[in-house]
Amino acid sequence: MAGPQRDHGGGIDAAAARFGGAREDWIDLSTGINPVPYPVGSIPAQAWNALPDHAAQQALTDAARSFWRVPDGAAILAAPGASSLIARIPALLPPGTVDIPAPTYNEHAAAFEAEGWQLSHEGPDARVIVHPNNPTGHWYADEPDGFDLKVIDESFCDVAPDRSWIAQATRPGTVILKSFGKFWGLAGLRLGFAIGDPALIDRLAQMLGPWPVSGPALTIGTRALTDHDWAIATRTRLNEDAARLDALMTRAGARLSGGTSLFRLYEVDDAALWQDRLAQAQIWTRIFPYSDTLIRLGLPAPDQWHRLESAL
């Protein structure tokens, strides 16, 4: 039986093949990645040519614990991207039933179904929520409880850390996911974190094996997670740019439907038509197989706003 449709943002190569233009000519607004990435700085040669040592791994873990205010008693695991954790989490328990409120990031359902789980809202053994949700930007008011496994995906939560449920990380059966690529704008670095129940985090660590995170990722991640001034300034800029994008889109006839300060969701009369019109200007956006009227845009980089304004 076919699994859930696993559509994603990105795919600039396919867009360029369809609409023309070289890949480097395109502006990719189909993802929710910060277009002004963290300045990685110089990387010492040892990070490239030696296996990561315990001290480097511990430095990253310590930085993550401090940045996210992880409570004592919760374990932290750094991994090569949150997606690698999402793919493995369903194997933590024997297959049962899982509740994943939709629409949301579709890799969660795909991963659970691949491990033999059944999707169900009736008395589930496990629950997954994306907080804030992607693509709607919905923040959940009630923390999930009463499940054998609770997965809280906070990949986009760094825009509003005060709304995090990190305090729940000490509860049995809880795994909270953090993505480094979104807020820090370094998706290609492939770095993510699982935080929560030590027994579950230990099992995830065994699944990943030794040295799951590269030396350069350890160095950059530690540097970024200790740069609190950059994080504060970035949140301010993202809020300003999100408001600017809303103004542009609403003037063009779109209606704000949701989102976060890293991506905005709009309702339009014909989403495919809007996507095609912007693609003619080599600007790629995100539409969804379950809706003819929703279109999602990430934020342009500082030197890209004029092109979006012209295209609209």
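Two strands count as paired if DSSP finds at least two bridges between them. Strands (E, at least two residues) and helices (H or I, at least four) are DSSP runs, numbered from the N terminus.

This is a predicted model: local features need pLDDT of at least 70 and side-chain atom pairs pLDDT 80 or more, while totals for chains, interfaces and linings use all residues. Residues are numbered from 1 along each chain as its sequence is written, and side-chain values use heavy atoms, leaving out hydrogens and water.

**Stop 1: the open sheet**

Start with the sheet. Seven strands form it, in the order β2-β8-β7-β6-β5-β3-β4. The sheet is open, and its pairing is mixed. Now select 75-79 and 118-119. These are the edge strands, β2 and β4, and each pairs on one side only.

Click I76: its bridge partner in β8 is I195.

Next, show helix α6, residues 198-208. Helix α6 packs on the sheet and touches β2, β6 (149-153), β7 (174-179) and β8. Contact here means heavy atoms within 4.5 Å. The direction of α6 makes about 25 degrees with that of β2. Such angles run from 0 to 180 degrees between N-to-C directions, with axes fitted to C-alpha atoms, for helices over the stretch in contact.

**Stop 2: a serine in a loop**

Select S30, in the loop between β1 (27-28) and α2 (45-49). Is S30 buried or exposed? S30 counts as buried because its relative accessibility is 1%. Buried means under 20% relative accessible area, exposed over 50%, and partly exposed in between (1.4 Å probe, protein chains only).

Show side chains here. That of S30 makes a polar contact with the side chain of D28, at 2.5 Å. A polar contact is a pair of N or O atoms within 3.5 Å; within protein, one must be able to donate a hydrogen and the other to accept it, and residues adjacent in sequence count only if both atoms are side-chain atoms.

**Stop 3: a covered helix**

Move to helix α7, residues 215-225. Nine of its eleven residues are buried. Among them are L218, I220 and L225. What do the buried residues of α7 pack against? They pack against α2, α3 (54-67), β8 and α8 (228-251).

**Stop 4: an enclosed strand**

Finish at β10, residues 263-267. Four of its five residues are buried, so β10 is largely enclosed by the rest of the structure. A hairpin joins β9 to β10 through three residues. β9 (255-259) and β10 pair antiparallel over four bridges. β10 also runs antiparallel to β13 (291-298), joined by five bridges. Click Y266: its bridge partner in β13 is I295.
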